[in-house]
Amino acid sequence: MTWVQLAYLAAALCFILALKGLSTPRYARLGNLVGAAGMALAVVTSYTTIERNGLLILVAVVAGTAAGIPAARQVKMTAVPQMVALFNGVGGAAAALVALTEFLEGHDAGVLFAVATVLTVLIGSVSFSGSVVTFLKLQEVMTTRPVLLPAGQLLGIGVAVVSALLAIFVLVSDSNLLLVLLALAGLALGVLFVLPVGGADVPIAISLLNAFTGLAVAASGYVLGNTLLIVAGTLVGASGTILTRLMAQAMGRPLTNILFGAFKATPPSAVTDEQRTVRSGTVEDVAILLGYAHSVLVVPGYGLAVAQAQHAARELAQLLESRGISVDYGIHPVAGRMPGHMNVLLAEADVPYENLKELDDVNPGIGSVDVVLVVGANDVVNPGARDEPSSPIYGMPIFDVDRAKAVVFMKRSMRPGFAGVDNSLLYNPKTTLLFGDAKDSLTKLLAAVKQV
Amino acid sequence: MIELLTIFVLAVFVGFEVVSKVSTILHTPLMSGANAIHGVILVGAILITGQADDTLTLVLGLLAVFLATVNVVGGFVVTDRMLEMFKGHKR
């Protein structure tokens, strides 16, 4: 059996190196491959040790591969976050099933074994149902706004208490039925946990659920007495927790505010009903504005990605640059649907890496920018995040585009952004609105600028 | 049992350490990569199914194997696709 343990040790080392590699741009891709190699080694090793059902297991692995590869290959880059959520969810479900199955088979009972089983089943179930809800939110199958059930907070606490009681009963009674009930309670808990999280904050919830699944896997390692599961699961649990904190920091808000903020948010005040006017312009107006600018800042958002307008944006930027106008892209840490998502999307469109500027590079000099082109972004330029403590996104760092000389806001409609928050920038006298699909507008704009 | 606990505690520190200095650009791929790694539950699923001797546990085990495989394979492939996007710019 020694060589089996050695193979598991090698796999664990691969996972550590994978995480290490994924943290540095240069070795990220290599890191991922090392992780995959470690996984292959671990899986093949475990397969050689089993007593029976080998063929059926092989069939299940082939079926899983047949389902996983096309899903991962064909998903559009804009839809990657919900795909990750789904992969995370099935992992959680698998962990819960493993612990449940081991419990049903009734192997060496003991308090620690039972505690680990209970934890795996509970956390795995929470992770599964929570991930499914995040998927539905990001896919916009259901509303992206925080969903507050009547007495939702009380309900959540109630289900949590029931789960804890069920967990204790399982420990005392060794009952299979109670363990299944615990899994169901976990599923309910996961749903209740994610429902109040607003659309823009869902990625944080995914990251946290990812860490949860890691912990469930680690706990299942205790159930099976398998050190590889303990090491790998714990690695993901710990790094996922840190990553969740880093993401929350990038949004400038404490984690508790992100997860439970909806319970405390005051309803938006009704005083904003006053007559506010917006100024919408034509493509030609904007073309002239751009043609006489010296510096232009493009702030892309998810709308740009959805319209597949990355290439049109790059062409416009190149045209402007050929006329001696400096063009930069302001990339908000949470632009898109996940931190770093927009960088991936623009990289896909061959936008030069040097032109991607972060908040701290842009904001100090934003007063001298002639035109800011907001393409399909909304929340990341909402001055409410800076000025209105009652705003649900208050505290999130933004591009201070209201301090630039002029703003062109490309939007499909007056609909509020993903976070469902009204944006006062739309009513700013400096702002010109250009309605329409981002790609369509940019293409027309490109033609119009050529005429100027 | 104390050995397992030792392993757990050490792994926590390693996990904290390896990702402590990651830039925002890599948050999404890192999350996705970590996501693929917890698919190692596939090993657990295989072991548990490999000793199943009645229909119920066999079915549950096979379901776990299937789901865990989706997690592993999908996770690594989608992470690779994301990172592939970055490659072009280091030229």
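**Note on a two-chain predicted model**

1. Start with chain B, residues 56-78. This span is 100% helix and 0% strand, and its end C-alpha atoms lie 33 Å apart. Helices here are DSSP runs of H or I with at least four residues, strands are runs of E with at least two, and both are numbered from the N terminus. The UniProt annotation "transmembrane region", from an unreviewed entry, covers residues 56-78 and also residues 30-49 of chain B. UniProt positions follow the numbering used here, feature names are shortened, and annotations may be inferred rather than shown by experiment. Over residues 30-49 of chain B, the chain is 85% helix and 0% strand, with end C-alpha atoms 30 Å apart.

2. Ground rules. This is a predicted model: local features need pLDDT of at least 70, side-chain atom pairs count only at pLDDT 80 or more, and totals for chains, interfaces and linings use all residues. Residues are numbered from 1 along each chain as its sequence is written, while chains are lettered from A and ligands numbered from 1 in the order in which they are written.

3. Chain B overall. It has four helices and zero strands. The pattern along the sequence is α-α-α-α. The radius of gyration of chain B is 17 Å, whereas a compact globule of 91 residues would have one near 12 Å. That radius is taken over C-alpha atoms, and the globule rule is 2.2 Å times the number of residues to the power 0.38. Along the principal axes, the C-alpha atoms of chain B fill a box of roughly 55 × 35 × 15 Å.

4. Burial in chain B. Of its 91 residues, 63% are buried. A residue is buried if 20 or more other C-beta atoms lie within 10 Å of its own, exposed if 12 or fewer, and partly exposed in between; C-beta atoms are placed from the backbone.

5. The interface. In chain B, 75 residues are in contact with 95 residues of chain A. Contact means C-beta atoms, placed from the backbone, within 7 Å. On the side of chain B that touches chain A, α1 (2-18), α2 (27-37), α3 (41-49) and α4 (55-87) each supply at least two residues. The largest share, 30 residues, comes from α4(B). By type, this side of chain B divides into 48 nonpolar, 23 polar and four charged residues. Ala, Val, Leu, Ile, Met, Phe, Trp, Tyr, Cys and Pro count as nonpolar; Asp, Glu, Lys and Arg count as charged; the others, Gly among them, count as polar.

6. A residue to look at: A:Gly31. It sits in helix α2 (residues 28-48) of chain A. A:Gly31 counts as buried because it has 27 C-beta neighbours inside 10 Å. Leaving aside neighbours within four places in sequence, A:Gly31 is in contact with A:Leu17, A:Ala18, A:Lys20, A:Gly21, A:Leu22 and B:Gly33. A:Cys14 is 17 residues from A:Gly31 in sequence and 8.5 Å away in space, C-alpha to C-alpha.

7. Chain A overall. It holds 17 helices and six strands. Its radius of gyration is 25 Å, close to the 22 Å from the globule rule for 452 residues, so chain A is as compact as a globular protein of that length. The C-alpha trace of chain A spans about 80 × 50 × 35 Å along its principal axes. Buried residues make up 52% of the 452. Among contacts in chain A with a separation of 6 or more, 78% are between residues 24 or more positions apart.

8. Domains and annotated spans. Chain A is divided into domain 1 (1-74), domain 2 (84-264) and domain 3 (279-451). These bounds come from an automatic or database domain assignment. The C-alpha centres of domain 1 and domain 3 of chain A lie 41 Å apart. UniProt, in an unreviewed entry, places "transmembrane region" at several spans of chain A, including 6-23 and 228-248. Residues 6-23 of chain A are 94% helix and 0% strand, with end C-alpha atoms 26 Å apart. Residues 228-248 of chain A are 100% helix and 0% strand, with end C-alpha atoms 30 Å apart.

9. The sheet. Six strands of chain A form an open, parallel sheet in the order β3-β2-β1-β4-β5-β6. β3 (356-357) and β6 (431-435) of chain A stand at the edges with a single partner strand each, so one side of each is left without a neighbour in the sheet. Two strands pair if DSSP finds at least two bridges between them. Strands β1 (residues 295-300) and β4 (residues 371-375) of chain A pair over five bridges, with A:Val371 in β4(A) as bridge partner of A:Val296. Five bridges also join β4(A) to β5(A), where A:Ala406 partners A:Val371. In strand β5 (residues 406-411) of chain A, five of the six residues are buried.

Terms used
Contact = placed C-beta atoms within 7 Å.
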